[in-house]
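Welcome, and please take a moment with the sequence and the fold.

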Amino acid sequence: MSEFKSPYTTELELPGATMRSLVDQAMDRIVRYIESLPRQPAADVSGGAELARSVMEPLPEEGMPFDALLDRLFDNLVPKSFNTAGPGYLAYIPGGGLFHSAVADLISDSVNRYVGVWLAAPALSQLEATVIQWFAQVIGYPQEARGILTTGGSLANFSAVVTARRSLLPEDFLSGTIYTSDQVHHSVVKAAILAGFPERNVRELPSDDRFRIRPDSLQESISADRKSGYMPFLIVGSAGTTNTGAVDDLDALANIAKREAMWLHVDAAYGGFFMLTERGRKVMRGIERADSVTLDPHKALFLPYGTGSLLVRDGAALRRAHSLHAEYLPPMQDDPDLVDFCLYSPELSRAFRGLRVWLPLKMHGASPFRKNLDEKLDLTQWATDQLRLIPGIQIIAEPQLSVVAFRLFRSGLSAEELNTLNRTFLDKINAKKRVYLTATALGGDFVIRICVVSFRTHLDRMQAALEDIRSAVQESL
Ligand SMILES: *Cc1c(COP(=O)(O)O)cnc(C)c1O
């Protein structure tokens, strides 16, 4: 009997020994990589365009060995980046990236469970719902709050705008207007546009000298718009702006929202998890009165990129805004304690993001997260006090959370010359490659910021930052 020869293949199904070897080889590189983080440059993207071009190629017909691919990744591609995992990354909003979550992703992706519909993975859906309940508890939300894990803060802000719109506006909603400050994250404006509003319906009101919304001008703007026939429906406050970490007076915003029967959304993508600390709770007082809150676990909960979150105080509103029936789906359950995520989220098939949050919190409890955040608040205050001692340095924004903004000042220079001076000053700091700082514009001024969030950043790195800033000041004389 001639042997049957299948024209098909089973090569994508890896034998156990191969799986183990893949993970072992990858682990070897990963451990070396993570252990060397303190010695790696804080950012290095020189030759980036050329390197990016070297990755362009047509779909390969033949495969190549894993170890060669690993070498390529770790030796060539990964190092040419902002070192967002390292302790010297004090740019934008860092996070670090907990390794626990990488292990969780390995497990999630290997079991490949479906958490869009409760019935398909009841306990794993609940595990994600439990994570949402923990977040609700951190914010001070009631039992009936619901939420979703998203890919990031931008998508959370998007679902927040849609939820507010569908809760308060008629189907024809183009006269609906949105109020926020000129310090708002651009993802909020983008969310408004994606939700169907013309950009001109977003009122970016001038902020006060601490970069917070002025409640009186907010009230005036709302009243004026009502008189002109607009439908003011949404106020977006910030709990930690990206520019300076400014926190709006959330109680004042909640009072206005209540009086005006508007939706209050708080973008706490950066600041929200500082609610774990006593100082954070003081600064963000009133956040629990918001109708919805955006949190970014991939910032102040230190997760790797890819996890944001939206919480809605009245969970039913989130559901009404996102639920639709389809014949081909499994039946949804009707136990009020349980959640079918596809009814609360724009996504149907979705990654099982719950585990990457759940695992580190279950392994350590909240305490080391709280301590890390307290440390970041202390480090930022320490850096601010040190900066103040350097002749020529001006503090532009005192820390409200863990961002401080500053610039170099020389009398007799025009605004433009000062901006140029500070651009070069920033380049000089970053050229030392022990820390990576970024800048922003405040009232037309080029301003440098230090943002301390990563669980890998400690006093030794902040001392290095201050040394490098002091010598850059010397070089700028
Ligand atoms: C980072 C950030 C966002 C956007 O979140 P992504 O996770 O980058 O999509 C929105 N608002 C604020 C205040 C942020 O800091």
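Here is a short tour by topic.

This is a predicted model, in which local features need pLDDT of at least 70 and side-chain atom pairs count only at pLDDT 80 or more, while totals for chains, interfaces and linings use all residues. Residues are numbered from 1 along each chain as its sequence is written, and side-chain values use heavy atoms, with hydrogens and water left out.

**Ligand site**

- The ligand is surrounded by 15 residues, and the closest are Ser154, Asp267, Asp296, His298 and Lys299 (near means a heavy atom within 4 Å).
- This shell divides into three nonpolar, nine polar and three charged residues (Ala, Val, Leu, Ile, Met, Phe, Trp, Tyr, Cys and Pro count as nonpolar, Asp, Glu, Lys and Arg as charged, and the others, Gly among them, as polar).
- Helix 6 (residues 153–168) provides the largest share of the shell, three residues (helices are DSSP runs of H or I with at least four residues, strands runs of E with at least two, numbered from the N terminus).
- A polar side-chain atom of Asp267 sits 2.6 Å from a ligand nitrogen (a polar contact is a pair of N or O atoms within 3.5 Å).
- Ligand oxygen atoms also take part: one is 2.7 Å from a polar backbone atom of Gly153, and one is 3.0 Å from an N or O atom in the side chain of Thr242.

**Largest pocket**

- The largest pocket is lined by 43 residues, with Ile30, Ile34, Phe74, Phe99 and Ala102 nearest its centre (a pocket is an open set of points on a 1 Å grid over the protein atoms alone, where a 1.4 Å probe fits, with protein on both sides within 12 Å along at least five of seven lines; lining residues have an atom within 4 Å of a point).
- Helix 1 gives the most to this lining, eleven residues.
- The lining divides into 27 nonpolar, ten polar and six charged residues.

**Aromatic pairs**

- The count comes to ten aromatic pairs (rings of Phe, Tyr and Trp, its six-membered ring, with centres within 6.5 Å; planes under 30 degrees apart are stacked, over 60 edge-to-face, the rest tilted).
- The rings of Phe173 and Phe197 have centres 4.9 Å apart and planes at 50°, so this pair is tilted.

How values were computed:
Polar contact = N/O pair within 3.5 Å; in protein donor to acceptor, adjacent residues only side chain to side chain.
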